[in-house]
Amino acid sequence: MHVPRPLQTGSYEELYEHFGSPLAQQVRLEAYGKDIGQHSWVTAEELEENVPQLRLSGLGRLLDLGCGPCGPLTFVLGAVRCHGTGIDMSAHALAVGRDRAARQDCGGLLSVLRADLDNPLPLLSNTFDAVLALDVVLHVRDRARLVCEAARVLIPGGRFLFTDAGVITGAISAEEISRRAVHGLTQFAPQGFNERTLEAAGFRLIDRQDRTASLLKNAIGRLAARRAHRMELEQLEGAPQFERQQEYLETVIALSDRRALARILYVGESGAATRSGECYAG
Ligand SMILES: C[S@@+](CC[C@H](N)C(=O)[O-])C[C@H]1O[C@@H](n2cnc3c(N)ncnc32)[C@H](O)[C@@H]1O
């Protein structure tokens, strides 16, 4: 029996509370080189490279699953001037995202929807030209179902671009797993799992890139930037949260550095139209 979860993301909701503060902006600027309002491992340069892979035009419709504060989504909308829908569980993140889009002259292009990705998407089939999910699938209880849902809402030939920062490529201890999983439900998957999941949902894999080196660089940058602003951050988020985040970043760095956990980008192209419930039998 499916038991609905309350609309809460635990520590994500806490983190988003201060997301728009000047201090948080400064930390992102120092960590990533350019602050695009991301709460993931993506950088502006990477997204610029990815935009053509979405094959969107001004008339296109883009769906961002787990959009957070809509930074990457607004970045793509600004570049392509297409329409975008962002889905996330965090009301706070969506409010920050709406503000961001309005400030960047994309307010009319953006719709946001508060929903749980563990449930069927509250969207019509065959509606979107591209679907994005940056560093989100590892938080979803049933990835196969979400990938089928992406196939269902895409038009035939539409693109699904997602990243998974939890691909197991080496040995990891239980202690590391618990330090890496501070943002609520987190599933780590072995190499090949995402490829098989895409294929089962009717996608053709057209690109796969290992983005671990860039994650490592960004995590080192984030750790250093947060250390440099330790006192202000402790005041803003509280000492226990500060410590938890530093420990999380240290773990991310150690796991990436010794190639135990990878961040992989996948681009799939949807096949013939997938009707609701057709692809997922789980
Ligand atoms: C690492 S953040 C990525 C945010 C955004 N994609 C970005 O690149 O800035 C993961 C996001 O997934 C959202 N999330 C996690 N589990 C979710 C679920 N079951 N349903 C909806 N959103 C979820 C969190 O609230 C968070 O905003």
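Mentor: Let's begin with exposure: buried means under 20% relative accessible area, exposed over 50%, and partly exposed in between, with a 1.4 Å probe and protein chains only. Glu30 has a relative accessible area of 37%, so Glu30 is partly exposed. A word on the source: this is a predicted model, where local features need pLDDT of at least 70, side-chain atom pairs count only at pLDDT 80 or more, and totals for chains, interfaces and linings use all residues. Residues are numbered from 1 along each chain as its sequence is written, and side-chain values use heavy atoms, with hydrogens and water left out.

Trainee: In which helix is Glu30 found?

Mentor: Helices (H or I, at least four residues) and strands (E, at least two) are DSSP runs, numbered from the N terminus. Glu30 is found in helix H2, residues 22-32.

Trainee: What does Glu30 touch, not counting residues up to four places away in sequence?

Mentor: Contact means heavy atoms within 4.5 Å. By that rule Glu30 touches Ala225 and His229. The C-alpha atoms of Glu30 and Ala225 are 5.9 Å apart in space, while the two residues are 195 apart in sequence.

Trainee: And how do I read a polar contact?

Mentor: A polar contact is a pair of N or O atoms within 3.5 Å; within protein, one must be able to donate a hydrogen and the other to accept it, and residues adjacent in sequence count only if both atoms are side-chain atoms. The side chains of Glu30 and His229 are joined by one of 2.9 Å.

Trainee: Which side chain makes a polar contact with that of Glu49?

Mentor: That of Arg211, at 3.3 Å. Glu49 sits in helix H3, residues 44-50, and counts as partly exposed because its relative accessibility is 48%. Leaving aside neighbours within four places in sequence, Glu49 is in contact with Gln209 as well as Arg211.

Trainee: Let's turn to Asp135. Is Asp135 buried or exposed?

Mentor: Its relative accessible area is 8%, so Asp135 is buried. Asp135 belongs to the loop between strand S4 (128-134) and helix H6 (143-153). Its side chain makes a polar contact of 2.9 Å with the side chain of Arg263, and a polar atom of the Asp135 side chain lies 2.9 Å from the backbone nitrogen of Trp41. Beyond four places in sequence, the contacts of Asp135 include Ser40, Val42 and Thr163.

Trainee: Where is His139 placed?

Mentor: His139 is in the loop between S4 and H6. With a relative accessible area of 17%, His139 is buried. A polar atom of its side chain lies 2.9 Å from the backbone oxygen of Leu185. Once neighbours within four places in sequence are set aside, His139 is in contact with Tyr12, His183, Leu185 and Thr186.

Trainee: What is the relative accessible area of Leu215?

Mentor: The value is 3%, so Leu215 is buried. Leu215 lies in helix H9, residues 212-228. Among its contacts beyond four places in sequence are Trp41 and Arg263, two residues that are also in contact with Asp135.

Trainee: How about backbone angles: which residues should I look at?

Mentor: Arg81 is in the loop between helix H4 (71-80) and strand S2 (83-88), and is partly exposed with a relative accessible area of 38%. Asp105 also has a positive phi of about 60°, although it is not a glycine. Asp105 lies in the loop between helix H5 (91-103) and strand S3 (110-114), and is exposed at 59%.

Trainee: Finally, how do I read the protein as a whole?

Mentor: Start with the radius of gyration, taken over C-alpha atoms; the globule rule is 2.2 Å times the number of residues to the power 0.38. For 282 residues a compact globule would have a radius near 19 Å, and the protein has 18 Å, which agrees. Its secondary structure comes to 11 helices and 8 strands, and buried residues make up 55% of the 282 residues. Of the contacts between residues at least 6 apart in sequence, 79% join residues at least 24 apart.
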